[in-house]
Amino acid sequence: LVAAVGEQWGGELDVLVNNVGTNVRKPTADYTEEEFDFLMNTNFKSCFHLSQLAHGLLRKGAASEQAEGLCNPSPRMDRRYSSIINIGSASSTIPDRTGSVYAASKAAMDMLTRNLACEWAPDRIRVNCVSPWYIGTPLALQVLQDEEFKRSVLSRTPLARVGDVEEVAGAVACLCMGASSYVTGQVLSVDGGYTINGLHKDFY
């Protein structure tokens, strides 16, 4: 894959979005070793190794004289960056019945984001993470078919609805653009306010 991308784009890459993810929901004591490995490999190991493999392409992309436009609007070469955006989850912050292995894989992604942002900054590679709550994807919608669970989710979400795919994509696009050129190492929650809600609704 990386070789094909390098050939297609002349050995350079502006943006990498690590978006693969899946889940197996069950009590922690019931996970098999195979299920643990499957979730960690899919959700975290793929993100880690694809970022590793794309590093050289991203470094060249940031340094390229062709690196101009929406991603790199500045004429100053020292303010042109390539960008990695990881797709995390609100589950990395708050336990929410998605399962301990899924949550751990996404928490690992958050910390990888912060580490790479510091380590690869000299290569002019920015690294950020977009962390959604329940979004209208096939993986989430199958769980939200349980009306009682859906009511529980919405009651804990200040905006009282499930998010749209386009709302996550908008955050990703913003982090790719030159308008975000001073933003790196951040985990941006796209969650309708879920992760900061606490007992606010019940209290008032």
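Q: How many helices and strands does the chain have, and what pattern do they follow along the sequence?

A: This is a predicted model, and its secondary structure comes to seven helices and four strands. Read along the sequence, these elements follow the pattern α-β-α-β-α-β-α-α-α-β-α.

Q: What share of the residues is buried, and what share of the contacts joins residues at least 24 apart?

A: Of the 204 residues in the chain, 42% are buried. Among contacts between residues at least 6 apart in sequence, 74% join residues at least 24 apart.

Q: What is the volume of the largest pocket, and which residues are closest to its centre?

A: The largest pocket has a volume of about 560 Å³. It is lined by 25 residues, of which Ile87, Gly88, Tyr102, Pro132 and Thr137 are the closest to the centre. Two or more lining residues come from each of α3 (100-119), α4 (138-141) and α6 (165-176), and α6 gives the most, with four residues. By class, the lining has 14 nonpolar, eight polar and three charged residues.

Q: Where does Asp110 lie, and is this residue buried or exposed?

A: Asp110 lies in helix α3, and this residue is buried yet has no salt bridge. A salt bridge needs the two charged groups to be within 4 Å, whereas the nearest side chain of opposite charge, Arg114, is 5.0 Å away from Asp110. Leaving aside neighbours within four places in sequence, Asp110 is in contact with Ser92, Cys129 and Val187.

Key. Residues numbered from 1 in each chain as written. Predicted model: local features only at pLDDT ≥ 70, side-chain atom pairs only at ≥ 80, totals over all residues. Heavy atoms only, no water. 1 Å grid on protein atoms, 1.4 Å probe; cavity = no way out; pocket = protein on both sides within 12 Å on 5 of 7 lines; lining within 4 Å. Points joined across faces, edges and corners; volume = space filled by probe spheres on them. Nonpolar A, V, L, I, M, F, W, Y, C, P; charged D, E, K, R; others polar. Buried < 20%, exposed > 50% of the residue type's maximum accessible area, 1.4 Å probe, protein only. Lys, Arg positive; Asp, Glu negative; His and termini not counted. Contact = heavy atoms within 4.5 Å.
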